[in-house]
Amino acid sequence: MTTITSGPLSGTLRLSDLSLRRRPYLLAGGLSLLLLIATVIVQPATNWSGQIAAFAPLAIAAMASTSSVLGGGIDLSISPVMALTGILYAGYLFPAGLGGIEALPILVALGALVGLVNGFIVVKLRLSPLVATLAVMFIVTGVNLRLADRPFTVTGDTWLRVVSGPLGPIPGGLISIVIVVLLWYALMATAYRRSIYAVGGNDATAYSAGMRVAAIRILSYVFGSVLAVFAGLSLVGLTSSASATTSSSYLLVALAAVAIGGTSLLGGRGGVLGSILGAAALFLVQTLLSSLGVPGAALPLIYGIVLAAALVVGAAIALRRTKR
Amino acid sequence: MTTTHTEDSVSTAQPASSFRITFSRAQQKFPILQLLLIVVVLILAFVTLPGFGSYYSIISVLVLAALVGITAIGQTVVVLTGGFDLSVPGFIVLGAVSVSTIIGQLQLGPLGAVVMMLLVPALLGGAAGWLCHRFQISPIVMTLAMNSIALGIAAVATDGSVAASAPDWLRGLSVPVGTTFGLPVPPIIVIWVGIGVLVTLVLALTPAGRRLYATGANMRAADNALIRTRWVWVAVYAFSAIASMVAGALLLGFAGGADLTLGNPYLFLGLAAVIVGGTVAGGPGDYIKTVIGAVLITLVSTVFIGNGFTPADRQILLGVIILVAMLVYGRERSLRDRV
C-alpha cells in the first residue's frame, strides 16, 4: 500500500520517505529540479511567468491522461478533446456571445460526454482501451477538421486570459494548474481513490471484492476527458487561438510525462504529482536546450535520449521495488 | 474434436447459432467479413465513380494500399507480440533521408548503404525491444522515445533542412504506369507481394514464427518453454525498425520528396490496417489480414474522396470502421468470466 501514499503529509519526514522506490515521482522531481537549476544558471533572465503559462496545457494534459491510466486503461483522445474544446470556444461559443464563464459548463458537459463514450466502449463493449480510444481519436479529430477549416482567434480580454495570464504576483498558468489539481484531490478525497487503484491493480480481484468496476472505470474516462477540457481552455487562454492542427500535438507527450512521473501504464500505481513533475521535466528539457543555443535540428535527438534514459532509470527502480 | 457430436445436435435444434459458431471460427482464420466489405465498396465504387473500372485507376488504388501495407509490416509483427510501435514515423523519415541525402552526402558506398539501412535501425529498434523487456517498460512510451531519436538523427544528419528529393530510380518504383520485368504492374506492388509472401511464410511455417506467436500469446508460458522471449522482442522491434526504413525509402519515391512529417499519417494508418484486418494484440493474426485491412482502408478512402467527402469525413469513417471491425471480432472477455 506504500505506493498509494501520495506524499509525506503525516508525521515526521524520515529518510526512507525520500526513497525512490516508495515514491517514484521523486525521480521526475529530481530531474525537473536539476533542469530548473541548470536553466536558471544558463539563462537568469528567463520569463518564468510566461514559461509557466506555456507549461500549463501540457501539465493539465498529463493529469488528464493519468486518470484513465491509473484504472488500467489509456486514453488517446485527450489531445483531440483539447483541440475540440478550443475550437468550440474560439470558433462558436465566443462569437455567439457565450464567451463568458457560462461556456465552462457547456464544454465540461461535452468533454464528459466524450469520456462517457470512451468508457462505454471500453467497459461495456469490451474493446481494448488503446483501440477504442484510437477510434474515438480519429472521430474527434475528423469532427475538429470539419468544425475548423481555418484557425479561430479570440479577441479582447476574456476570463480565459485572466486565468492563464499573470494575475498580480501570481504567474500566468499557475491558477489553471492549481484549479485542476484541486479538482483531482477533491475526487481523490472520496472512496473513488481506493477503488481506482484497486481496479487498476487487478480488476478481477476488485470485481470479486464487490467493487463496481464498470462504473469506476467509466468515471476514470469521464474525469480524464473533463480535465482535457480544462487543458484545452488553458491552451486557448495561452494562444488566444484554436485550430484543428493542434489535435495531436499533446497526444504522445502527455503519455510520456505520465510514464516518466512513475505512473505504471499497466495501471494501479502512480499519481498525479508524478505526471506534473514528468511534464515539467519534459518541458524544461526543451527550455534548457533552446536557451543553451542547441540547434533546433538536434532537439528531438537529445529529447528522445533523455526520455529513454528517464524511462529506463524509473523502470529499474520500480523493478527493484516489486522484487522485494 | 469431442464436441462434433454435440455441435450436430445443436445445429438441428438451432441452425442460426450453429451458423454463427462456424462463421466466427472461419472469421478468426480468415477475414471473410473484410473481404465482403471490400466487394461491397468495390460495387459502390463502380456505380458511383465513372471510370473507376479502368485498369490504371485500380492500379493507383493498389499503389496507395501497398504504401499503407508496407508501413504496417513492422506494426503487424509488433502487435502480434502484444506491443505497439510508435517509432514507425521516425524510422520512415530516417529511411527516406538516408536514401536521398545521408548515403550520398557521406559517400558511404554500397556497404555503407547496407549498414545505414539495416544495421542502424536494427541497433535502435533492438535496443528499444531489449530495454522494454528487461525493465518491463511499456513499449508505447519506449518506442515514442525511439521515434524522437530516429527523427533527431535524420534532422542532425541533414542539418535540419530535411527537404530531400527522391532519386529517379526510386520514383519509378511507384508510378502506376510502371512495369516490372515486362509485366504491366508497378514494381512497388510486386515488392509488396514479395515481402508479404515472405513475412506470411516466416510467421506460419518457421520456428521463429512459432516462437513469436508463443511470446505474444503468453510470455511466461513461452519463457517456461525455453523460448528466449527477450531476444524475440529484440528481433521484433529491430525488424519493425528495418521495415519502416525500407517503407520510408519507398514512400520517398512515391512522394518525390521528404520532410520531418513524411511518416506522420502512416503511424495511425498502419495501425488501423492491422486492427481492421483483424490482428489482435498478442495474436491471433497474420500479415494477410493486414494486407486486406490496408486494401479495405484505401478503397474506402478513395470512394469517399471520389464522392466529394473531405479528409475530415474520412477520419471519422476510419474511426467508425475500427469500432465496427473490433465489435465483430475483437471483444475481450467479460470481467465476470475472468474471476
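Helices (H or I, at least four residues) and strands (E, at least two) are DSSP runs, numbered from the N terminus. The structure is a predicted model: local features need pLDDT of at least 70, side-chain atom pairs count only at pLDDT 80 or more, and totals for chains, interfaces and linings use all residues. Residues are numbered from 1 along each chain as its sequence is written, chains are lettered from A and ligands numbered from 1 in the order in which they are written, and side-chain values use heavy atoms, with hydrogens and water left out.

## Two loop residues with positive phi

Most residues other than glycine have a negative phi, and most peptide bonds are trans. B:Gln136 has a positive phi, near 50°, and is not a glycine. B:Gln136 sits in the loop between helix 7 and helix 8 of chain B. Buried means under 20% relative accessible area, exposed over 50%, and partly exposed in between (1.4 Å probe, protein chains only). B:Gln136 counts as exposed because its relative accessibility is 61%.

A:Ser240 also is not a glycine, and its phi is positive at about 55°. A:Ser240 lies in the loop between helix 10 (213-239) and strand 2 (241-242) of chain A. With a relative accessible area of 13%, A:Ser240 is buried.

## Where the chains meet

How many residues of chain B are in contact with chain A? Contact means heavy atoms within 4.5 Å. By that rule, 45 residues of chain B touch 45 residues of chain A.

The size of an interface is often given as the accessible area lost when the parts come together. Buried area is the accessible area (1.4 Å probe) that two parts lose on being put together, summed over both. Chain B and chain A bury about 3,900 Å² between them. Of this, 81% is on carbon and sulfur atoms. In chain B, the residues that lose the most area to chain A are B:Phe268, B:Leu323 and B:Leu335. Together they account for 14% of what that side buries.

Polar links across the interface can be counted too. A polar contact is a pair of N or O atoms within 3.5 Å; within protein, one must be able to donate a hydrogen and the other to accept it, and residues adjacent in sequence count only if both atoms are side-chain atoms. Two residue pairs are in polar contact between chain B and chain A, both at pLDDT 80 or more. Five helices of chain B each supply at least two residues of the side that touches chain A: helix 7 (109-135), helix 8 (139-157), helix 14 (264-277), helix 16 (311-329) and helix 17 (335-338).

## Salt bridges

A salt bridge is a side-chain nitrogen of Lys or Arg within 4 Å of a carboxyl oxygen of Asp or Glu. Over all chains the rule gives two salt bridges. Across the interface of chain B and chain A it finds one.

| Pair | Closest N and O atoms |
|---|---|
| B:Asp313 and A:Arg146 | 2.4 Å |
| A:Arg217 and A:Asp203 | 3.4 Å |

The pair of B:Asp313 and A:Arg146 crosses between chains, from helix 16 of chain B to helix 5 (residues 129-147) of chain A. B:Asp313 is buried, at 12% relative accessible area. A:Arg146 is exposed, at 53%.

A:Arg217 in helix 10 and A:Asp203 in helix 9 (residues 203-208) link distant parts of chain A, 14 residues apart. A:Arg217 counts as buried at 15% relative accessibility. A:Asp203 is buried too, at 12%.

## Buried residues of chain B

B:Thr81 lies in the loop between helix 5 (73-80) and helix 6 of chain B. Its relative accessibility is 5%, so B:Thr81 counts as buried. The side chain of B:Thr81 reaches the backbone oxygen of B:Val78 at 2.7 Å. Beyond its neighbours within four places in sequence, B:Thr81 is in contact with B:Leu212, B:Gly216, B:Trp233, B:Val236 and B:Gly282.

B:Val88 belongs to helix 6 (residues 88-105) of chain B. Is B:Val88 buried or exposed? B:Val88 is buried, with a relative accessible area of 1%. Setting aside neighbours within four places in sequence, B:Val88 is in contact with B:Thr71, B:Gln75, B:Ser244 and B:Leu267.
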